[in-house]
Amino acid sequence: MFVAGAAVAMLAACSSNVDAPAGTSGDRPTAQPLLIRNAERATVAHQALIEGRLHADPAGCLRIGDDSGPLIVWHHDSRLEQRADGRVQVIDGFTGHAASIGDDIALGGAGGPDAPARVIPEIPAACATGEYWMAGALMTAAEYQALRARQADQAPPGPPK
């Protein structure tokens, strides 16, 4: 009986949606999330900002937005962890801040079309599509909410005076 119960629990865990916040449904990735990291440890990073949902595509590639969003190349010391609720989160190597797959995030760094030269693991062909985002600092949820509030309070651009 114990073996059957354990098998059912393992099957349920394997079929959970790692990209959707708890209590929601959506497309299920067919692969476990894959954390692509810089091969070399950096102490500085670009500070452009990208905002969007932390997304795992069907191949497990971590992107911003959706399946066509930029592939994130995380800081060398970043890591993946599974939360108690089963959701997968990234622990940012620059700040120690965490974001779960499916969360809306703000992430410093820089992006472009050129694939980074030195990453671990090597970027699989399924992930090597579109643009890349070389991650800098990950904002906390509170910092991101404060940023969004400041943006909402700004007057829309008008004609020059």
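Me: In which sense do strand 4 and strand 10 run, parallel or antiparallel?
Reply: This is a predicted model. Strand 4 covers residues 71-73, and strand 10 covers 132-138. Valine 73 has methionine 134 of strand 10 as its bridge partner. Three bridges join the two strands, and the sense is parallel.

Me: How many bridges pair strand 8 with strand 10?
Reply: Leucine 107 stands opposite leucine 138 in strand 10. The two strands pair in the antiparallel sense. The number of bridges is five.

Me: How many residues of strand 10 are buried?
Reply: Strand 10 pairs with strand 8 and is also joined to strand 4. The strand is mostly covered. Of its seven residues, the buried ones number five.

Me: Which residue in strand 8 stands opposite isoleucine 50?
Reply: Strand 2 spans residues 48-56, and strand 8 spans residues 104-112. Six bridges join them, and they run antiparallel. The residue opposite isoleucine 50 is leucine 107.

Me: Which glycine has a positive phi in the turn between strand 2 and strand 3?
Reply: Strand 2 pairs with strand 3, residues 62-64, over three antiparallel bridges. Alanine 56 has leucine 62 as its bridge partner. The hairpin leaves five residues between the strands. Most residues other than glycine have a negative phi; here the positive value, about 90 degrees, belongs to glycine 60.

Me: Which residues of the largest nonpolar core touch the most other members?
Reply: This core holds 17 residues. Strand 2, strand 3, strand 6, strand 8 and strand 10 each give two or more residues to it. Those that touch the most other members are Leu54, Leu62, Ile72, Trp74, Ile105 and Leu107.

Me: What does tryptophan 74 touch, leaving out residues up to four places away in sequence?
Reply: Trp74 is one of the core residues that touch the most other members. Its contacts include the core residues Leu54, Leu62 and Leu107.

Me: Which strands stand at the edges of the open sheet?
Reply: The sheet has three strands in the order 5-6-7, paired antiparallel. Each edge strand has a single partner strand, so one side of each is left without a neighbour in the sheet. The edge strands are strand 5 (79-82) and strand 7 (98-100).

Me: By how many degrees are neighbouring strands of this open sheet turned against each other on average?
Reply: The order in this sheet is 5-6-7. Direction is ignored in the average. The value is 30 degrees.

Me: How many bridges join strand 5 to strand 6?
Reply: These strands run antiparallel. Arginine 79 stands opposite isoleucine 91 in strand 6. Their hairpin has five residues between the strands, and glycine 86 takes a positive phi near 95 degrees. The bridges joining the strands number four.

Me: Which residue in strand 7 is the bridge partner of valine 90?
Reply: Strand 6 covers residues 88-91. Three bridges pair strand 6 with strand 7 in the antiparallel sense. The partner of valine 90 is alanine 99.

Me: Why does proline 116 count as buried?
Reply: Proline 116 is in the loop between strand 8 and strand 9. Beyond four places in sequence, this proline touches Val73, Ile123, Tyr132 and Met134. Buried means under 20% relative accessible area. Proline 116 counts as buried because its relative accessibility is 16%.

Me: Is the peptide bond from isoleucine 120 to proline 121 cis or trans?
Reply: Proline 121 is in the loop between strand 9 and strand 10. Most peptide bonds are trans. Omega for this bond is near -15 degrees, and the bond is cis.

Terms used:
Residues numbered from 1 in each chain as written. Predicted model: local features only at pLDDT ≥ 70, side-chain atom pairs only at ≥ 80, totals over all residues. Heavy atoms only, no water. Pairing = 2+ DSSP bridges. Axes fitted to C-alpha atoms, helices over the stretch in contact; angles between N-to-C directions. Core = buried A, V, L, I, M, F, W, Y, C linked by side-chain atoms within 4.5 Å. Buried < 20%, exposed > 50% of the residue type's maximum accessible area, 1.4 Å probe, protein only. Contact = heavy atoms within 4.5 Å.
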